[in-house]
Amino acid sequence: MKSYKLIFIILLSLFACNTEKSPVTPEVGPGDDYKIYQLALDAYFNENVPAIILQDSTWGDDIGTHHISTLEENGVNVKEETLLNYETINQTKVALESISGYDITFRRDVPDSLRFSKPNVSLSRVGYDDANTEAIVTVGVVFAPLAGSGILYYLKYVNGEWGVKGSHMIWIS
């Protein structure tokens, strides 16, 4: 009888173990926000990294459902939870820090007379889905009065890396 119990326990432990690898859900922290900012800015400037003037804090653009619909028409499906997270988190501004790979001067350090000496960049806070595998962020760039645009970027976390998977212009001047 003891041998049957031992065999049963061995078989149970073999079948109870799941040998499939579960997908890794990234832990999202402030570092990921800055990686996403860097990827979005690289996409905006086509990796021709200029010196920029960065706003001192985040600025979340309204990205109404019509902008999300346009992304979906182009094959990008943004989860509702990602959009809700973006809208919620952007109700509060946070101070921005330097972004790797960019020569940044903060707006507070630029006299008004030199305001348009470099592209002026504003960034939203990053909205993530619940699994931290997709994100949306907006980037606004103004080169001169009535010369700028804002872009909504959609990013995915695949194989341990964030990457831009879609974008849509949300404003232009």
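Strand β4 (residues 127-128) runs antiparallel to β5, and 2 bridges join them; strands are DSSP runs of E with at least two residues, helices are runs of H or I with at least four, and both are numbered from the N terminus. Two strands count as paired if DSSP finds at least two bridges between them. This is a predicted model, in which local features need pLDDT of at least 70, side-chain atom pairs count only at pLDDT 80 or more, and totals for chains, interfaces and linings use all residues. Residues are numbered from 1 along each chain as its sequence is written, and side-chain values use heavy atoms, with hydrogens and water left out.

**Around strand β5**
- Gly-127 stands opposite Ile-136 in β5, and the β4-β5 hairpin has 5 residues between its strands.
- Strand β3 (residues 120-123) is also antiparallel to β5, with 4 bridges, and Val-121 faces Val-141.
- On to β6 (residues 147-158): 10 bridges join this antiparallel strand to β5, and Glu-134 has Lys-156 as its bridge partner.
- In β5 (residues 134-144), 8 of the 11 residues are buried (under 20% relative accessible area; exposed is over 50%, partly exposed in between; 1.4 Å probe, protein chains only).

**Aromatic rings**
- There are 4 aromatic pairs, meaning rings of Phe, Tyr and Trp (its six-membered ring) with centres within 6.5 Å; planes under 30 degrees apart are stacked, over 60 edge-to-face and the rest tilted.
- Tyr-34 and Tyr-37 pair edge-to-face, 5.2 Å centre to centre with 90 degrees between the planes, and both are buried.
- Tyr-128, Tyr-157 and Trp-162 form one aromatic cluster.
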